[in-house]
Amino acid sequence: MLLEIAHLTVRYEKAVLINDLNLYVDTGELVSLVGPNGAGKSTTLRAISGLVAWEREIKRRSAGSEIVLEGTVTFNGERIDQIPAHEIVQRGLVLCPERRRPFREMTVLENLLAGAYLQKDRQKCRETLDKVYDLFPLLRHRSHQIAGTLSGGEQQMLAIGRAFMSDPKLLCIDEPSTGLAPLIRQEVFEKISEISRLGITILLVEQEVSVIFKMASRNYVLSSGKILAQGTGQQLLADEVLRKTYLGL
Amino acid sequence: MNIIITGLITGSMLALLAISFSLIFGVARIVNIAHTAFYMVAAYCIFSLTGKFGLNPVAGMMIAVVVVTVLGLLAYKFLIDPIREHEAAVLIATIALAMIFQEAVMLIFTGDYRTVSALIEGYFIVTGVKVFYQQVLTFGVVLVILGILWVLLMKTKLGLAIRSTAEDREVANLMGMNDSRLAMITMGISVALAGFTGAVLAPLTVLSPYMWMEPLIMMMAVVVLGGLGSIKGSFVAAYILGFTEALVVFMIPKGAFLKGSVALSIMILVLLLRPEGLFGISFEEER
């Protein structure tokens with residue numbers, strides 16, 4: 001098991017965002033996390049990548065609202081729930097955040113190099129950069145363009161490319177298709193499949209259930225911070241109630 | 001000619017102050033009111049090192065910058081860092097810090113006006129105006145420092161991390177950048193630059209325990225004019241205000257009394273017309 005989440009609970013003040021959640025991802029899998037808005041999908045990714053703990057620390061210092069984070073996250077045989085976010089990346093768990101969030105004022109190349117911040121070996125960095133450019137040829141053409149001037153789809157490619165630069169063992173991608181035109185979405189999904197074929201394990205949060213169920217080896221359906229169901233796309237779609245109520249199909 | 005020289009010198013000084021102030025604001029959202037107080041401390045350091053201990057002025061400058069940087073880092077570690085996420089508290093704490101410096105300087109050096117002798121004496125005459133070598137030197141050194149800073153920010157990995165953190169702290173964390181460590185480093189750089197400004201400017205100005213207030217206001221005006229967090233903006237705005245100040249002083253009778261108000265009027269005008277400043281980016285707060 002590459003990633004194992006056990007009894008994860010996240011509370012912001014009194015609001016329970018994630019309630020005793022368990023899930024696992026095996027090496028080489030493409031696992032999806034689907035569910036309605038506010039189900040806790042993004043929070044799950046933020047929790048395992050250390051951002052919830054990071055935010056908790058800030059809130060604690062500013063005497064603001066209280067965040068509770070419980071449970072264990074094991075990655076590659078090591079507990080990472082007590083490790084700060086910037087060290088989790090080092091272990092190969094990389095999050096490509098929601099809404100893409102490129103560094104808008106920097107060039108495409110600088111964005112990619114920022115992704116490789118922890119890579120000390122210049123040669124290796126070059127090689128990874130070439131891989132990213134092969135994966136997303138448009139980034140090569142735009143390498144000196146300011147990221148803020150890219151289109152939404154291009155920014156998404158950049159965000160995925162930047163995460164790829166961090167040399168992930170497990171790549172978590174949060175809602176990559178949101179706000180993109182159907183054709184571009186298609187392209188983004190193709191790129192994700194391509195990365196998966198490169199042997200990188202992927203944990204994907206998405207709204208676009210119909211496409212994702214075909215791509216993913218397993219899926220988790222989340223609702224109100226709990227796992228409601230899990231299985232292959234076919235298994236989940238066979239459940240009439242689940243399909244109508246939670247998947248909107 | 002006088003206007004150009006004064007404008008260039010004031011502008012360069014403001015540019016250094018404003019850029020270093022923006023730097024730490026960008027990375028850690030720290031509004032360091034004590035920024036120019038560090039500049040004052042550096043100037044007094046040089047005064048006592050060269051005047052009282054008879055040290056070589058260049059060595060005095062080096063030591064002054066080091067002393068101020070260490071002071072800045074200590075202040076950061078024990079005063080600012082524990083309350084870093086509390087913006088109002090940081091504001092108050094740094095005002096207090098500036099006051100502490102002011103009173104300490106007052107106790108040690110008394111409130112008398114002091115001067116520091118120039119590094120190189122003499123002047124040359126261009127179009128009937130005396131240009132002191134010290135002025136040229138100061139201007140040159142400031143440009144060199146700005147150049148080094150540019151290389152540091154744009155061409156090194158540390159610079160990349162600083163810019164990333166300034167733009168999106170959370171995402172920078174996801175790339176493995178340790179934001180608290182970067183805040184500490186940036187604070188060091190920022191304060192060192194303030195100290196450096198004080199060091200190169202000391203021979204051209206009069207030292208008093210209150211000398212931090214006026215540049216503080218001008219620096220704030222520059223930062224607002226240029227756009228909060230924009231280094232290019234700070235650079236351009238510093239020279240705009242530097243030249244405005246020089247123009248007012250030389251063109252208007254008794255202009256020296258007006259220079260501050262003109263600068264602040266420009267700031268207010270910009271705030272009314274373009275609240276994000278000349279080069280500012282409107283900040284999108286997360287969530």
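**Salt bridges and the chain contact**

Modeller: I start with a pair inside one chain, as a reference. E240(A) and K244(A) form a salt bridge, with the closest N and O atoms 2.8 Å apart. Both residues sit in helix 11 (residues 240–247) of chain A. They are 4 residues apart, about one turn of the helix. An α-helix has 3.6 residues a turn, so residues three or four places apart point the same way. E240(A) is partly exposed, at a relative accessible area of 40%. K244(A) is exposed, at 56%.

Keep in mind that this is a predicted model. Over all chains, the structure holds 24 salt bridges. Between chain B and chain A, the count is 5 salt bridges.

Now the contact itself. Chain B gives 27 residues to the contact, and chain A gives 30 residues. The two chains bury about 2,800 Å² between them. Of that area, 55% is on carbon and sulfur atoms. Polar contacts are present too: 11 residue pairs between chain B and chain A, both residues at pLDDT 80 or more. On chain B, the elements that give two or more residues to the side touching chain A are helix 6 (157–167), helix 7 (169–174) and helix 8 (179–201). The residues of that side divide into 9 nonpolar, 5 polar and 13 charged.

Side chains of opposite charge can pair when their charged atoms come close. One such pair that crosses between the chains is D81(B) with R61(A). Their closest N and O atoms are 3.7 Å apart. The cut-off for a salt bridge is 4 Å, so this pair counts. D81(B) lies in the loop between helix 3 (57–80) and helix 4 (87–109) of chain B. R61(A) lies in helix 2 (residues 51–61) of chain A. D81(B) counts as buried, at 12% relative accessibility. R61(A) is partly exposed, with a relative accessible area of 27%. The limit for buried is under 20%, which means D81(B) falls below it.

R169(B) forms a salt bridge with E85(B), the closest N and O atoms being 3.3 Å apart. R169(B) is in helix 7 of chain B, and E85(B) is in the loop between helix 3 and helix 4 of chain B, so the bridge ties together parts that are 84 residues apart in sequence. Both ends are buried: R169(B) has a relative accessible area of 19%, and E85(B) has 16%.

From chain A come R46(A), E55(A), K59(A) and R101(A). From chain B come D168(B) and E170(B).

Next, helix 8 of chain B, one of the elements on the contact side. T197(B) is found in this helix. What does T197(B) touch, leaving out residues up to four places away in sequence? The partners are M13(B), L16(B), L17(B) and Y39(B). T197(B) is buried, with a relative accessible area of 1%. A C-alpha separation gives a sense of scale: T197(B) and I3(B), 194 residues apart along the chain, are separated by 21 Å.

Helix 2 of chain B is mostly covered, with 16 of its 18 residues buried. G54(B) follows this helix, and its phi is positive, near 60 degrees.

Last, a loop position in chain A. N76(A) lies between strand 4 (67–75) and strand 5 (78–79) of chain A. N76(A) is partly exposed, with a relative accessible area of 44%. Leaving out residues up to four places away in sequence, N76(A) touches L2(A) and K169(A). N76(A) and K169(A) are 93 residues apart in sequence, yet their C-alpha atoms are 9.1 Å apart in space.

Note on methods
Residues numbered from 1 in each chain as written. Chains lettered and ligands numbered in written order. Predicted model: local features only at pLDDT ≥ 70, side-chain atom pairs only at ≥ 80, totals over all residues. Heavy atoms only, no water. Contact = heavy atoms within 4.5 Å. Buried area = accessible area lost by both parts, 1.4 Å probe. Salt bridge = Lys/Arg side-chain N within 4 Å of Asp/Glu carboxyl O. Polar contact = N/O pair within 3.5 Å; in protein donor to acceptor, adjacent residues only side chain to side chain. Nonpolar A, V, L, I, M, F, W, Y, C, P; charged D, E, K, R; others polar. Buried < 20%, exposed > 50% of the residue type's maximum accessible area, 1.4 Å probe, protein only.
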